[in-house]
Amino acid sequence: VAIDNRTGHIMAMVGGANFVRSQFNRVTQAQRQVGSLFKPFVYTAAIDRGYTADSILDDSPASFVAGPNQPPYEPRNYDREYVGPISIRDALAQSRNVPVIRLMDALGPRQVIGYARRMGITSPLPEFLSVAIGAAEATLLEITSAYSAFPNQGVRMTPLPILEVLDREGNVIEQHRPEAHEALRADTAYIMTNLLQGVVQRGTAASAAALNWPLGGKTGTTDDYTDAWFVGFDPDITVGIWVGYDQKRPIGNNQTGTSAALPIWREVMARWIETRREQGDPPTFERPGNVVTVDKEDGEEVFIAGTEPERQAN
């Protein structure tokens, strides 16, 4: 599904492989585990509450109390390895599981789920730590619409599949206008957009960097490779891809969001970018006035004013 960030208009939608065989629309009706697509909601809650892209998390073995008569919850990273101290930027780019679950625990699941709700996730979200790495379900339309708030300065537009309905004489019977929801502060949305650009520039979606365009997004993979996701955006549109079977079964060994969903997204975006290039220079992500850039040894980092370290570039 492709959504116009500023209006919510659904620009394209493919709900299945063959409409004659199945009228079930997997974009709007299929509830599937979202995997790591949920992680940005945890980081959004953190950034909104004073954490920065530079904040250090702990990527080491962890054990959490799961409840009476339950074994402890001991999450693991995808690669079964741990790197120790890691910044929020790198933890998101590399899609590390343990640091984001520790962060969910520190913030409180209720708080994080509140942010997902504000961003348009209406599907059930239990207050469990495992939700941080995608144990809960949502539709592709829900999650794509939620992501569209990041490049749109924190404003999420209700997805609009129909603009108007006319009768045979051309009289307007129904009309649908864009409906805006203030999901996030503009500065928080910009920092998250910048972090999700990092996923494309040097993270799990690095193959999309070859498109040479302002892009951000996130891969998602569920256990046993039953669902592969990629949701990404440029300043104008957000495109979500889900790959899977109707019955929850593996789509193939090592069929992650990176290997199964991202190539489809790249192909769709390449066509879009080709059209946009003909219209002039690439669009830019609008930067709020209270976001500052700080020089670091390994490059630059963006901060909401007041959260930055002392050495400031501009």
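Predicted model: local features only at pLDDT ≥ 70, side-chain atom pairs only at ≥ 80, totals over all residues.
Visitor: What makes the buried residues of α4 line one face of the helix?
Guide: Helix α4 spans residues 109-118, and its buried residues are Pro 109, Val 112, Ile 113, Tyr 115 and Ala 116. Seen down the axis of α4, these residues fall within an arc of 150°, so they line one face of the helix. The partners against which they pack are α1 and α3 (97-107).

Visitor: Why is Thr 52 called buried?
Guide: Thr 52 has a relative accessible area of 10%, and the term buried applies under 20%; Thr 52 therefore counts as buried. Thr 52 lies in the loop between α1 (39-48) and β4 (56-59). Leaving aside neighbours within four places in sequence, Thr 52 is in contact with Ile 47, Ile 88, Phe 303 and Thr 307.

Visitor: Why is the pair of Tyr 147 and Phe 150 called edge-to-face?
Guide: The ring centres of Tyr 147 and Phe 150 are 5.7 Å apart, and a pair requires centres within 6.5 Å. The planes of the two rings make 80°, and planes over 60 degrees apart count as edge-to-face; the pair is therefore edge-to-face. The structure holds six aromatic pairs.

Visitor: How do you know that Tyr 147 and Phe 150 are buried?
Guide: Tyr 147 has 0% relative accessibility and Phe 150 has 1%. The cut-off is under 20%, so Tyr 147 counts as buried, and so does Phe 150. Together with Phe 38 and Phe 41, Tyr 147 and Phe 150 form one aromatic cluster.

Visitor: What makes the pair of Phe 230 and Trp 265 a tie between parts apart in sequence?
Guide: Phe 230 and Trp 265 form an edge-to-face pair, with 4.8 Å centre to centre and 65° between the planes. Phe 230 lies in strand β12 and Trp 265 in helix α7, so the pair ties together parts that are 35 residues apart in sequence. Phe 230 and Trp 265 are both buried.

Visitor: Which residues touch the most other members of the largest nonpolar core?
Guide: That core has 82 residues, and those touching the most other members are Phe 38, Phe 41, Val 42, Tyr 43, Ile 143, Trp 265 and Met 269. Helix α6 (residues 186-202) gives the most to this core, with eight residues. As for Tyr 43, its contacts beyond four places in sequence include Leu 57, Ile 88, Val 100 and Met 192.

Visitor: How do you know that β1 and β13 pair?
Guide: Strand β1 (residues 2-4) and strand β13 (residues 237-244) share three bridges in the antiparallel sense. Pairing requires at least two bridges, so β1 and β13 count as paired. Ile 3 stands opposite Thr 238 in β13. Helix α7 (residues 257-277) packs on the sheet, touching β2, β11, β12 and β13, and its direction makes about 145° with that of β13.

Visitor: What is the order of the strands in the open sheet of five?
Guide: The order is β2-β1-β13-β12-β11, with antiparallel pairing. Strands β2 (10-12) and β11 (216-221) are called edge strands because each pairs on one side only.

Notes: Residues numbered from 1 in each chain as written. Heavy atoms only, no water. Helix = DSSP H or I, 4+ residues; strand = E, 2+ residues; numbered from the N terminus. Contact = heavy atoms within 4.5 Å. Axes fitted to C-alpha atoms, helices over the stretch in contact; angles between N-to-C directions. Buried < 20%, exposed > 50% of the residue type's maximum accessible area, 1.4 Å probe, protein only. Core = buried A, V, L, I, M, F, W, Y, C linked by side-chain atoms within 4.5 Å. Arc of directions from axis to C-beta. Phe/Tyr/Trp six-rings, centres within 6.5 Å; stacked < 30°, edge-to-face > 60°.
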